[in-house]
Amino acid sequence: MADTGSERKTIVVVGLGMVGIAFIEKLLDLDTENRYRIVTCGEEVHLAYNRVALTDFFQHRNIEKLYLNSPDWYAKQDPRRFEFHIGEAVTSLNTEARVVTTDKGRALAYDHCVLATGSDATLPAYADLSIPGVFVYRNIADVDKLLAHAEKEDMKDASAVVLGGGLLGLEAAKAVYDLPTIKDVAIIHRQAYPLSRQLDAQGGEIVLRRIEGMGVRFLGGISVLRLMTDDKGALSGLELSDGSTLQCNIVIFSIGITPRDDLARQAGLECGQRGGVLVDDYLQTSAKDVYAIGECASWNNNTYGLIAPGIEMADILAFNFTQAQTQVGSFKPRQMNNPDLSTKLKLMGVDVASFGDFFAEKHGQVKASPKESGSTAKQPQEDSPPGGKHDASAPRKRHGAAAAADGPVEALTYRDPFAGVYKKYIFSADGKYVLGGMMVGDTSDYVKMVALVKKKKPLDIPPAQFVLGTRSGSEDSGADLDDDTQICSCHNVTKGRVVQCVKDGAQSVADVKAQTKAGTGCGGCIPLLTNIVKAEMKKAGIAVNNNLCPHFAMSRADMFNVIKIKQLKTFSTVMETVGVRPDSVGCEVCKPAIESILSSLWNEHIMNPAHHANQDTNDRFLANIQRNGTFSVIPRIAAGEITPEKLIVLGQVARKYGLYTKITGGQRVDLFGAERADLPSIWKELVDAGFESGHAYGKALRTVKSCVGTTWCRYGVGDAVGLAVQLEERYKGIRSPHKFKGGVSGCVRECAEAQGKDFGLIATDKGWNLYVCGNGGANPRHATLLAADVPPSRLVRILDRFIMYYIRTADKLMRTARWLESMEGGIEKLRKVILDDELGICADLEHEMDELVGTYADEWRAVVNDPERQKQFRQFVNTNERVAQTEKITERGQMRPANWSKATPPLVMRESDIAAPKGDWKWHKLATVLDLVPTDSGTTSAAVRYGDSQIAIYHVPHRGYFATQQMCPHRRAFVLDHGIIGDDPKSGSLYVSCPMHKRNFSLTTGECLNDDSYGVVTFDVKIDGDDLLLLLPGPEDLDAVIGTSKWMVRQATAELIDRGATEESSVEIVGPTESVEAASVSVADGCSGSSCSGGKLDW
């Protein structure tokens, strides 16, 4: 054992690679007090060399040209400070004895041990390096073997394949491409384009074109199943995942890296499940005085496959060894932070660079602190085995000011396929900071851009100048978008297709939606779609209006003023007074919008007969509908402050009703999976415990989020909790054009994220800074400072004016962010109105808010106290039985609905699908007139059960009764009785709009009016005294077409469809649910149980 009696402490460095030598150099340089002796062992016979330049070795074949330090450098080092051994691998580490042992029997005692063992090439299960022609590409030994094989006589005109299209994969491809004996080179990559870790699809496409232009084949979106060999056992080809084969003589695996942590595991050190030696922020492992750096280290459960993070680790560790305690005093030890992963390389003859957080757009969708998430996980690479190692070379580092670092982002792109140039620069949403980006073909600005990211200083020029120099067009109108830009991701509709629709005669957004299906999925694209349509109509000389919908020839703001001045109290009176056609029913657009205005003015209970059927489903049932037809319940927890007793009640209610529970981003508790019929009972238990509606279902105030402020925080300046509670109590229940949220932070550390809210307050030593018009969501926006250092006594009144002015003037479904952006004069105009009273309306706004606040009543309590209202929550009006709508599965200890299929095929259901001819159908009593609570004030509806089928019945004043199947075929959701009834203002044709995704089905023909991929079965209804009769086939015949068991969403069925099967070809065995088996009530002419089909199998 080595002598440790000297004053110097011994640091044993295991590994003499690029990171190991970097640590040694830095420590030798910083250790001016000569406190340490370094001993290192490298298993390769070479001194530390530049692995990044392996491709250059193919040209000069001289290893010394790759050395990071010359042999003279090693010879000049003081042996009392630095001792090295090459060609000698450390085989064991004893952390108790503090000794490492090498394969030559050398025992090295240490005071500190630094593991810098690097990584190996990741290999899939089928890889066998003993097969002639199979190689990896990691070190000089690998390259020597490859060169020797390629230079064999029988390798002339050989074909080579590189598995993996990442950085190292392209390096390997270029190397073999330049070999004179190689005739053909191909790259196989699991992703559709190369460099998928550094570039997005458009950047990758530019590189792909250059690769193919060189004559190198690129096979993207495919993987290898096995290696093929000839009768001599040598490689002869590859079998691919699409069933084809690819002949080749050489294959190089370059699909990723596997941290070399076997030495650490043998020593009992903690390692990550996905590989790598676990280290803390100071790079120490689970063993005292043992550290890990470079590719073998797993920090925050992430490993890094680039050299820069390893060098940063070497910097940190060397600094902490030498600078934490010095003769001039102590210094706070450095900690590991998310590393800079910028790279600039020339690959396959193409200049490629990425800098900063070059995937910030993706990362911005998940708000997480570096402590919580670290760098972004590396996605599984080409042919990586199950449970493959985790590499965080795709960055998550935040740049810019603190507010910009965790906020939303915006990107500017430039694409020139003719010159092979692509640039994408990502900025904070306010355009003040550059966060990252990528470049292909032209990397001349790389150094400048990296410097801007690292300096984290606000930009002094507009972001657009970095790409184009000047800005033209309007971002909101989509003028700067390419025609092939995807506008609607749900239906893959491009801007070009939208533009063409307008050129072909489309006169409105509704026309474009009907022709392209854009906006009929999640609806997130509608704002941009609307702006593009308006811009194109303007170009075409078509008059553009901002009418609420075809039923009303005026904007929402005009509607608000008319309703207010004329004192209109119901939708029907509004339609009679200002509607295009006074006897129209309305539609799914104008009904909720006008009801929102009525609530903002008069605030009558939305379940009153005059209002109830005009609400979207969430407002109609005072809870948020979920994808399986159940609802989520969110009680109000003002400012996130809650007592232990109330927390216990929430847990008891969730357990009693089998609800899935989750903490929301607004500091509340969400209870998912509530059956509609259970909602009043759930609310009663919550109301009795002191809760009230949280209005999470409404276009209203959601929450006012807060930090603890002066209540607990040692940095607190203002009482954030107290103010947040006051504001939430004041504005709760107020309906507005869209939902709005608040935030209150007790100091400038901004823990409540107030600058991302519709209104946000941050305490200063002089008062409160008031920020407005920020929001997250699909189009995030940083809030803008409206007023600084507002005295607490004035704060509420300014907020009253702001919120009321927004309610008065915003368009339908317009968030405050878009409202401010569209306001002529922007924030300056808003300041003049709200602070300077330029329009002389501030007193009116305050008075209107006072009146509105005074009308508040808890909507849940009103239902709990009214048995008649509770009846409207029944699943079926003709039976108390309940039927599950979707299979439930268990995940992480809680029940949730089975997944929807990602590829649910179109489904047009017709009367002709029913086996029994309509002449054989019979009239069946399934409900009474009173079950539908008919009223002249608006439409009503209810669901009934017939055998295993569900049917929705509708009443339209002065038009009669109608019926359709209950299931919307788009997502197989049994919810049509929730839908809003609308009509065409020209023809008067009636339809029901599905509450899930707004598919509109004719009440007479069943055809889908805005998506011909779907259709429903309709039924005749007649009144017989007080009864409602439906003309129906026998239960078995109807169940065979629309039965619940047949169409219930199940996990297994969804997985089959996603793998390519159809619902028609999928086989599933269906049995009655527990609730149905236990039921004893007969339904529909003697049919009982879950089905009238005799328990046969549904195919």
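User: Which residue forms a salt bridge with Arg 35?

Analyst: In this predicted model, Arg 35 pairs with Glu 33, and their closest N and O atoms are 3.6 Å apart.

User: How many salt bridges does a search of the whole structure find?

Analyst: The search finds 54 salt bridges.

User: What about Arg 61, which residue does it form a salt bridge with?

Analyst: Arg 61 forms a salt bridge with Glu 151, with the closest N and O atoms 3.0 Å apart. Arg 61 lies in the loop between helices H2 and H3, and Glu 151 in the loop between helix H4 and strand E10, so the pair ties together parts that are 90 residues apart in sequence. Arg 61 itself is partly exposed, with a relative accessible area of 39%.

User: And Asp 850, what does its side chain meet in a salt bridge?

Analyst: Its partner is Arg 797, at 2.9 Å from N to O. Asp 850 is partly exposed at 33% relative accessibility, and Arg 797 is partly exposed with a relative accessible area of 30%.

User: Which residues do shared partners join into one network there?

Analyst: The network consists of Arg 730, Arg 797, Asp 800, Arg 801, Glu 846 and Asp 850, joined by salt bridges that share partners.

User: Changing topic: how are two packed helices described?

Analyst: One gives the angle between their axes and the distance between those axes.

User: So what are the values for H16 and H17?

Analyst: Helix H16 (residues 556-566) and helix H17 (residues 571-578) pack at an angle of about 105°, and their axes are 12 Å apart. The angle makes H16 roughly perpendicular to H17.

User: Which residues make the contact?

Analyst: From H16 they are Met 559, Val 562, Ile 563 and Lys 566, and from H17 they are Val 574, Thr 577 and Val 578. These contact residues divide into 5 nonpolar, 1 polar and 1 charged.

User: Last one, His 189: where is it found, and is it buried or exposed?

Analyst: His 189 is part of strand E11, which covers residues 182-189. The residue is buried, with a relative accessible area of 5%.

User: What lies 2.9 Å from a polar atom of its side chain?

Analyst: The backbone nitrogen of Gly 165 lies at that distance from the polar side-chain atom of His 189.

Terms used:
Residues numbered from 1 in each chain as written. Predicted model: local features only at pLDDT ≥ 70, side-chain atom pairs only at ≥ 80, totals over all residues. Heavy atoms only, no water. Axes fitted to C-alpha atoms, helices over the stretch in contact; angles between N-to-C directions. Helix = DSSP H or I, 4+ residues; strand = E, 2+ residues; numbered from the N terminus. Parallel < 35°, antiparallel > 145°, perpendicular 65-115°, else oblique. Contact = heavy atoms within 4.5 Å. Nonpolar A, V, L, I, M, F, W, Y, C, P; charged D, E, K, R; others polar. Buried < 20%, exposed > 50% of the residue type's maximum accessible area, 1.4 Å probe, protein only. Polar contact = N/O pair within 3.5 Å; in protein donor to acceptor, adjacent residues only side chain to side chain. Salt bridge = Lys/Arg side-chain N within 4 Å of Asp/Glu carboxyl O.
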